[in-house]
Amino acid sequence: MAGGARWLPALLLPLLLPPVVARHGPGCAARGLCCPGRRPACLSAGRRPDGSSGPCWCDQACARALDCCHDYAHTCPVIPCVVSPWSAWSGCAEPCKRTYRVRSRRVLQEPRNGGQPCPALQQRAGCVEYWTRQGAECQQALIPALITTGGFGTARKKRAAADGSERAGFCVQFQLVALTPGCLHSQHSQHARWTRRLRGGHMVCVECQPPALLPAGRHCRGDGSGSHPNQLLHWEAVGNHRCRGTWRRIRQLDSCSCPSDHSFLFI
């Protein structure tokens with residue numbers, strides 16, 4: 001849109017413009033105008049790019065409206081955002097569990113006059129650190145738990161009894177907090193269909209029995225012993241690599257009391 005039709009009636013412009021032109025002269029540079037966005041007040045007068053004369057604008061919208069002053073492109077050049085190279089990756093945000101690391105960059109030149117906007121200034125990536133800040137090895141209990149259906153334990157108990165290695169185990173109750181959509185899809189193996197029973201908010205029982213029970217007989221890997229109250233812990237389903245999530249440890253029991261559909265086993 002050209003001329004004064006954008007905002008002001010054409011009959012009024014001759015009454016308004018002469019004082020402006022007389023004081024400031026024509027074009028954007030003469031008036032020191034270079035406005036972001038759409039600014040009706042960013043108005044000058046003089047020659048337009050098409051060679052005609054009259055009211056013209058020096059705001060960012062004039063390039064689309066085709067009513068810029070002749071020197072707009074020179075006075076208000078498009079300047080894209082410029083950012084620095086990425087920094088080095090940080091260490092893991094927290095040790096002893098799945099978390100994230102970060103890298104960042106900073107803005108060297110802000111965009112102006114419709115220039116390309118700035119891209120993301122921070123990136124995150126998955127991370128696991130198995131050593132504490134003090135250099136001690138992480139407790140194995142906090143490493144993501146590997147679980148399978150409780151039915152797998154029947155055959156395992158029989159083998160343990162046959163070779164005389166059977167030891168008393170225990171059960172841990174968790175509340176599922178979140179899980180991936182992949183838990184509902186187990187086309188890879190019919191033995192992993194048990195993951196379809198998992199639902200956020202459900203209470204589940206996970207049995208710790210040999211050989212997952214560590215030699216000291218105190219815990220299984222990933223059972224959450226040593227975790228803080230309400231700490232989110234990670235688990236993964238054996239047989240369906242797309243099924244994983246988080247849960248909170250509720251309590252340890254001598255034996256599992258959950259329904260069979262909600263009873264599982266540490267591997």
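Trainee: Which residues do ring pairs link into a cluster?

Mentor: This is a predicted model, where local features need pLDDT of at least 70, side-chain atom pairs count only at pLDDT 80 or more, and totals for chains, interfaces and linings use all residues. Residues are numbered from 1 along each chain as its sequence is written, and side-chain values use heavy atoms, without hydrogens and water. Rings of Phe, Tyr and Trp (its six-membered ring) pair if their centres lie within 6.5 Å; planes under 30 degrees apart are stacked, over 60 edge-to-face, the rest tilted. The cluster linked by ring pairs holds F174, W235, W247 and F266.

Trainee: How many aromatic pairs are there by this rule, and what form does the pair of F174 and W247 take?

Mentor: The count is four aromatic pairs. In the pair of F174 and W247, the centres are 3.9 Å apart and the planes 10° apart, and the form is stacked.

Trainee: Where in the chain do F174 and W247 lie?

Mentor: The pair links distant parts of the chain, 73 residues apart. Strands (E, at least two residues) are DSSP runs, numbered from the N terminus. F174 is in strand β8 (residues 170–179) and W247 in strand β11 (residues 244–253).

Trainee: Are F174 and W247 buried or exposed?

Mentor: Buried means under 20% relative accessible area, exposed over 50%, partly exposed in between (1.4 Å probe, protein chains only). By that rule, both F174 and W247 are buried.

Trainee: Why is the pair of W194 and F264 tilted?

Mentor: The ring centres of W194 and F264 are 5.3 Å apart. Their planes are at 45°, so the pair is tilted.

Key:
Helices (H or I, at least four residues) and strands (E, at least two) are DSSP runs, numbered from the N terminus.
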